[in-house]
Structure formats: C-alpha cells, structure tokens
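Take a look at the sequence and the model before reading on.

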Amino acid sequence: MKSKSHLIIGTLSSLELSLAMGLNLTPITLSVAAFLSVAPDIDEANSNVLNALVSKKTTKRIHSFLIYSLLIFSFYLYMKTSSNIYIGIIISFIFISIVEKKVTANKVRSIVLSLLIIFIGFIMLFYKLNIGIVVLTFLIASFPIMSHRSFTHSLSMIFLIYLLLSYIENTLKIADLSIIGTFAYSSHLMCDIITKRGVPLFYPFSKKYFSIANLRVGSFMCNFIEILLIFLLFLSILFHFA
C-alpha cells in the first residue's frame with residue numbers, strides 16, 4: 001500500500017484498538033503509533049517516507065558533491081604518483097563512472113539517513129536518555145540500508161519492536177505503549193500481505209513471501225480497498241462516540 005494509506009490506516013486502527021480495549025491513548029502513544037505505521041517503508045530507497053525525511057533535491061546535491069569530491073580526490077592521488085595529466089584525467093573519469101553506477105542517488109540518501117539517525121542515537125546516548133529509546137533509534141537507523149520488505153516486514157522485527165516498547169513503557173511509565181505501538185507496526189505488515197509481492201513473515205529464517213491476495217500497489221482495486229478500509233475504520237471509531 002501507499003505510505004499515506006499506511007499512515008492513516010495504522011493511526012486509525014490504533015485508535016480503534018484503544019477505544020475497543022479501553023487502552024490509555026495519549027499524544028505520545030498516538031505519535032509513536034503513527035510513526036511506526038510507516039517506519040517499515042524506510043527500507044525502500046524511493047518511498048514517500050524516505051522522500052519526506054530526505055528530499056530528492058537534497059539527495060541529488062549530496063550525490064553530486066560526493067561524485068565531484070571523489071573525482072578531485074582520485075585525480076589528486078594519481079598526480080601524486082605520475083605527472084601525465086591526460087592519463088590522470090582519463091583514469092579519474094573512468095573510476096567515477098564506475099562508482100556513479102554503483103553508488104546511486106537513492107543509495108546515498110539511504111546511507112545519509114541511516115548515518116543521521118545513528119548520530120541522533122549517539123546524542124541520546126551522550127545525554128543518557130532511556131536506553132530503550134536509544135536502542136530503538138539504532139534499530140530504526142538500520143532500516144534505510146536493508147533490502148525492501150525483508151527484515152523490517154517480518155514477525156521477528158515485530159517481536160523486537162514489542163520488546164523495546166515494553167521496556168520503554170515499564171521504565172518511563174507510559175501506559176499501553178507496547179501494545180499500541182506494536183499493533184500500529186503490525187498494521188503495516190497486514191496491509192502489505194494483501195499485495196501481490198506479500199511479506200517475508202519468517203525472515204531471516206525463511207525468505208519466502210506470503211500473500212493472501214494479488215493486489216498491485218497503485219491499481220484501482222488496491223486503491224479501492226485502501227479507501228474502503230479507511231472508511232470502515234472511521235465509521236467504527238464514530239460508533240464508539242455514538
């Protein structure tokens with residue numbers, strides 16, 4: 001499903017779960033639920049989530065800067081060992097053309113975002129924030145460099161998310177954070193399992209993808225299912241206030 005659908009469905013379903021089970025829903029737990037409902041798609045280099053965190057325009061600038069820096073650096077290294085400027089230019093351009101094909105703009109964006117989140121994690125560690133939050137931050141930092149729909153879309157990751165949220169809930173006394181946050185994360189997998197590709201539920205123990213439908217993301221039927229699900233969740237929530 002599309003990222004905005006994951007966000008709406010994950011947030012609304014978490015709200016519905018809280019109302020149905022009488023859970024303590026706060027701005028903090030709702031914000032965590034909203035973030036975790038789209039977090040799995042950080043592993044997709046061209047996802048809307050990644051585009052929102054690091055824009056394509058910024059990515060292209062960083063990519064160009066790295067390529068030109070490598071060009072200058074490779075030329076400098078060659079000229080330190082040889083004085084033939086023409087051969088140096090040719091070798092440098094050949095080297096850069098190879099690197100540019102391997103290190104695409106999308107890969108650069110993924111790596112930059114991963115490093116940025118790691119940096120934030122070290123700042124949290126320096127200021128001695130809750131260790132559960134720090135570990136969760138470092139875990140999220142690994143998402144951008146993972147293959148799309150791999151570990152992030154597995155039951156193993158859901159279990160890890162639950163353990164970390166449970167620790168944060170118990171140490172910071174944030175009631176029902178673990179169940180609401182984990183449910184929001186799980187909603188992403190439940191939505192993706194109805195798509196044609198499916199999800200690798202038992203990754204890394206098995207790379208088999210499971211799908212209960214054959215919906216193509218962006219197709220009329222998939223869009224219809226998304227809108228219908230959002231509408232039903234909205235009606236269900238209104239029912240609790242009727």
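The model is predicted.

**The H7–H8 pair**

- Helix H7 spans residues 131-141, and helix H8 spans residues 155-172.
- Their axes lie 8 Å apart, and the helices pack at an angle of about 155°.
- Angles over 145 degrees count as roughly antiparallel, so H7 is roughly antiparallel to H8.
- The two helices make a left-handed crossing.
- On the H7 side, the contact is made by Ile131, Gly132, Ile133, Val135, Leu136 and Leu139.
- H8 contributes Met157, Leu160, Ile161, Leu164, Leu165, Tyr167, Ile168 and Leu172.
- Of these contact residues, 13 are nonpolar, one is polar and none is charged.

**The largest nonpolar core**

- This core has 20 residues.
- Leu136, Leu139, Phe143, Ile161, Leu165 and Tyr185 touch the most other members.
- Four helices each supply at least two residues: H6 (105-126), H7, H8 and H9 (177-192).
- H8 gives the largest share, with six residues.
- In soluble globular proteins, nonpolar side chains tend to be buried together.

**Phe143 and its contacts**

- Phe143 is among the core residues that touch the most other members.
- Setting aside neighbours within four places in sequence, Phe143 is in contact with Ala39, Ile42, Asp43, Thr152, Met157 and Tyr185.
- Of these partners, Met157 also belongs to the H8 side of the contact with H7.

**A second core**

- A separate core holds twelve residues.
- Its members include Met1, Ile9, Ile193 and Leu233.

Notes
Residues numbered from 1 in each chain as written. Predicted model: local features only at pLDDT ≥ 70, side-chain atom pairs only at ≥ 80, totals over all residues. Heavy atoms only, no water. Axes fitted to C-alpha atoms, helices over the stretch in contact; angles between N-to-C directions. Parallel < 35°, antiparallel > 145°, perpendicular 65-115°, else oblique. Left-handed = near helix turned anticlockwise from the far one by under 90°. Contact = heavy atoms within 4.5 Å. Nonpolar A, V, L, I, M, F, W, Y, C, P; charged D, E, K, R; others polar. Core = buried A, V, L, I, M, F, W, Y, C linked by side-chain atoms within 4.5 Å. Buried < 20%, exposed > 50% of the residue type's maximum accessible area, 1.4 Å probe, protein only.
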